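Below is what I looked up, in the order I got to it.

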Amino acid sequence: MAATASPGAGGMDGKPRTSPKSVKFLFGGLAGMGATVFVQPLDLVKNRMQLSGEGAKTREYKTSFHALTSILKAEGLKGIYTGLSAGLLRQATYTTTRLGIYTVLFERLTGADGTPPGFLLKALIGMTAGATGAFVGTPAEVALIRMTADGRLPADQRRGYKNVFNALIRIAREEGVPTLWRGCIPTMARAVVVNAAQLASYSQSKQFLLDSGYFSDNILCHFCASMISGLVTTAASMPVDIVKTRIQNMRMIDGKPEYKNGLDVLMKVVRYEGFFSLWKGFTPYYARLGPHTVLTFIFLEQMNKAYKRLFLSG
């Protein structure tokens with residue numbers, strides 16, 4: 001007589017029990033939100049740097065460190081966490097949607113014999129999932145940009161959003177619902193560039209390190225490859241990111257928008273602020289990328305362990 005599999009050991013087919021897809025998506029979003037709590041100050045500094053010197057004005061901040069110290073001095077410790085609620089909502093919408101789309105497409109394109117999609121197809125799935133997630137997360141992104149930018153304005157020009165939900169309601173009421181998706185094209189473009197750059201640069205960096213003879217395929221190699229990949233990804237995506245930031249923060253002047261489109265932003269930044277201004281905020285952007293990824297995986301791992309212990313163990 002065959003032994004009956006215990007509930008903790010696996011399902012009826014003998015396979016180990018795993019958490020449902022919905023729980024995986026939930027944990028993915030929660031892990032991203034947990035990481036955001038720690039890196040939000042870097043996001044704020046990056047956004048302030050990208051808006052500094054806009055419209056041929058004198059740069060407010062000379063360096064990212066100068067920006068951080070100036071914000072702390074003028075707005076206090078609470079000031080560097082301005083827009084946290086929007087950052088959390090962005091992760092809840094963007095990360096969860098991206099994970100959901102990626103998982104569904106990956107499973108649909110896996111062969112009947114269990115063969116996973118090839119590298120190029122996986123890259124395409126990643127870019128599609130990233131762009132879709134970015135579209136869903138654009139309203140939270142608009143709120144985040146505006147909330148983090150508010151502190152640099154004179155008191156009479158500040159929007160004064162209380163939290164992300166107050167921001168979304170006021171934007172929809174005062175400027176129309178379509179404004180919530182302002183800058184969605186560069187936001188989606190950035191997601192595509194980030195996914196493509198990360199995939200390509202990580203695999204190439206890892207191979208380069210292994211070929212050098214100084215590294216073996218271990219955690220140190222993975223960490224170094226990740227840092228190189230982060231550098232390439234930051235450099236590739238920042239011009240698109242500054243376009244997104246400027247468009248989402250822009251105001252109407254005499255009934256006309258400050259910028260006509262993304263190309264107009266690029267041309268004005270280069271003309272009035274210099275070519276390298278397209279990479280304003282490089283340091284906090286790069287410094288945010290690594291810790292956010294690492295913290296996201298740490299939180300995700302802990303939640304998966306807790307779920308397994310509480311619900312899947314015998």
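A note on handedness before anything else: I call a crossing left-handed if the near helix is turned anticlockwise from the far one by less than a right angle, and right-handed if clockwise. Helices (H or I, at least four residues) and strands (E, at least two) are DSSP runs, numbered from the N terminus.

**Ground rules.** This is a predicted model, where local features need pLDDT of at least 70 and side-chain atom pairs count only at pLDDT 80 or more, while totals for chains, interfaces and linings use all residues. Residues are numbered from 1 along each chain as its sequence is written, and side-chain values use heavy atoms, with hydrogens and water left out.

**Confidence.** I checked pLDDT, the predictor's confidence in each residue from 0 to 100. The protein averages 89, and 94% of the residues score at least 70. Residues 1-9 fall below 50, and this stretch has nine contacts in the model beyond near neighbours in sequence; contact means heavy atoms within 4.5 Å.

**H4 and H6.** Two packed helices are described by the angle between their axes and the distance between the axes. I use axes as lines fitted to C-alpha atoms, for helices over the stretch in contact, with angles from 0 to 180 degrees between N-to-C directions. The axes of H4 and H6 (residues 184-212) come within 8 Å and cross at roughly 145°. H4 passes H6 in a right-handed crossing. Among the residues that meet are Phe119, Gly126 and Glu141 from H4, and Cys184, Arg190 and Ser203 from H6.

**Cores.** I looked for nonpolar cores, sets of buried Ala, Val, Leu, Ile, Met, Phe, Trp, Tyr and Cys residues joined through side-chain atoms within 4.5 Å. Buried means under 20% relative accessible area, exposed over 50%, partly exposed in between (1.4 Å probe, protein chains only). The largest core has 11 residues, including Ala86, Tyr161 and Leu180. A second, separate core of eight residues includes Ile247 and Tyr259.

**Arginine 90.** Is this residue buried or exposed? I count arginine 90 as buried because its relative accessible area is 7%. Arginine 90 lies in H3 (residues 84-108). Leaving aside neighbours within four places in sequence, arginine 90 is in contact with Asp43, Thr95, Ala140, Glu141, Leu144 and Arg288.

**Serine 64.** I found serine 64 in H2 (residues 64-79). Serine 64 counts as buried because its relative accessibility is 15%. Outside four places in sequence, its contacts are Val45, Met49, Thr283 and Pro284.
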